[in-house]
Amino acid sequence: MTTLVTVLKGGGRYDATWVERLARGVRRHAPAFDRILCLTDLPLEIPGVERVALRQGWPAWWAKMEAFRPGLTRGTTLLCDLDTVFTGPADALAEPGLAAMEDYFHKDRLSSALLRWDGDDLAFLHAAFAAEPERWMAAGSCGPVPNGVHGDQVVIDHLMRRAGVRPAFVQRLYPDLLDFYDPRRAEHGPVVIFIGDAKPDTATGPVHAAWAEP
């Protein structure tokens, strides 16, 4: 079974609309995924999306660490950020094999915007974080941070390196798959990634249409 997992933590910018629109894009452009699962603390009811309750009170982006809970999925699993927009064929993301998006600004560092693994292969990330969440959420727990922002992907990168686990980078596996949103041009795709303050709801042109259209 191939599963796309996304995480919606209540109290922030995102709500059920973002899950619905991501799921619609996945069904349209990446039908190789058999299952779409949303980990959330909200009463989500979206056709075709399986709601799974968050168990911990980890704040903001730290809630994404629950995606590595043992027993959550079987087979190929892709963690995908809610602000990802699909505009073209993206079944490659459902292929087997450990892979992650390479950080846009920092080469050889992973981004948790897209992270793929198999079943419980990354359950050790959840185990390590759950054992000492306050430690790992504290800035400096993973040493110097290249971009000055201590978040979930910094901890994931650190724990994977510590375990000797190195994912392939999506951009190198599939050179024409990812595209980073740039408001200066109209066409993007097939998988549009947003960095910085840019988000799909403030995008323009075909990207916004792909995100917003029913």
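I began with strands β4 and β7: five bridges join them, and they run antiparallel. The model is a predicted one. One facing pair I noted here is Leu78, which stands opposite Arg116 in β7.

**Entry: the sheet**

I traced the strands next. Seven of them form an open sheet with mixed pairing. The order I wrote down is β3-β2-β1-β4-β7-β6-β8. Which strands stand at the edges? They are β3 (50-53) and β8 (168-169). Each has a single partner strand, so one side of each is left without a neighbour in the sheet. I kept one general point in mind: strands of a sheet pair through backbone hydrogen bonds, either parallel or antiparallel.

Strand β2 (residues 35-40) pairs with β3 in the parallel sense, over four bridges. Cys38 has Arg51 of β3 as its bridge partner. On to β1 and β2: they are parallel too, over six bridges. Leu4 stands opposite Ile36 in β2. β1 and β4 also pair in the parallel sense, over three bridges. There I found Val5 opposite Leu79 in β4.

**Entry: two enclosed strands**

How many residues of β2 are buried? I got six of the six, so β2 is largely enclosed by the rest of the structure. Arg35, Leu37 and Leu39 point one way from the strand. Ile36, Cys38 and Thr40 point the other way.

**Entry: helix α2**

I listed the buried residues of α2 (residues 123-131): Ala123, Leu125, His126, Ala128 and Phe129. What covers them? The cover includes α3 and α4.

**Entry: Ser141**

I looked up Ser141 in the loop between α3 (133-137) and α4 (152-162). Is Ser141 buried or exposed? Its relative accessibility is 19%, so Ser141 counts as buried, the cut-off being under 20%. The Ser141 side chain reaches the backbone oxygen of Trp136 at 3.2 Å. It also makes a polar contact with the side chain of His150, at 3.4 Å. Leaving out residues up to four places away in sequence, I found that Ser141 touches Arg135, Trp136 and His150.

**Entry: the largest pocket**

I turned to open space. The largest pocket holds about 990 Å³. Of its 35 lining residues, the closest to the centre are Trp61, Lys64, Asp81, Asp152 and Lys199. Which elements give two or more residues to this lining? I noted β1 (3-8), β4 (76-80), β7 (110-118) and α4. By type, the lining of this pocket divides into 18 nonpolar, nine polar and eight charged residues.

**Entry: cavities**

I counted three cavities of 30 Å³ or more. Among the residues that line it are Arg21, Arg24, Arg28, Phe86, Trp211 and Glu213. α1 (16-29) and α6 (205-212) each supply at least two residues of this lining. The largest share comes from α1, with five residues. I sorted the lining of the second largest cavity into three nonpolar, three polar and four charged residues.

I then looked for exceptions.

The peptide bond from Gly189 to Pro190 is cis, with omega near 10°. Pro190 lies in the loop between β9 (178-180) and β10 (191-193).

Ala60 has a positive phi of about 45°, although it is not a glycine. I placed Ala60 in the loop between β3 and β4. Its relative accessibility is 52%, so Ala60 counts as exposed.

Asp108 has a positive phi as well, near 75°. Its place is in the loop between β6 (99-102) and β7. I logged Asp108 as partly exposed, with a relative accessible area of 36%.

Notes:
Residues are numbered from 1 along each chain as its sequence is written. This is a predicted model: local features need pLDDT of at least 70, side-chain atom pairs count only at pLDDT 80 or more; totals for chains, interfaces and linings use all residues. Side-chain values use heavy atoms; hydrogens and water are left out. Buried means under 20% relative accessible area, exposed over 50%, partly exposed in between (1.4 Å probe, protein chains only). A polar contact is a pair of N or O atoms within 3.5 Å; within protein, one must be able to donate a hydrogen and the other to accept it, and residues adjacent in sequence count only if both atoms are side-chain atoms. Contact means heavy atoms within 4.5 Å. On a 1 Å grid over the protein atoms alone, a cavity is a set of points where a 1.4 Å probe fits but cannot get out, and a pocket is an open set with protein on both sides within 12 Å along at least five of seven lines; lining residues have an atom within 4 Å of a point. Grid points are joined across faces, edges and corners, and a volume is the space filled by probe spheres set on the points. Ala, Val, Leu, Ile, Met, Phe, Trp, Tyr, Cys and Pro count as nonpolar, Asp, Glu, Lys and Arg as charged, and the others, Gly among them, as polar. Two strands pair if DSSP finds at least two bridges between them.
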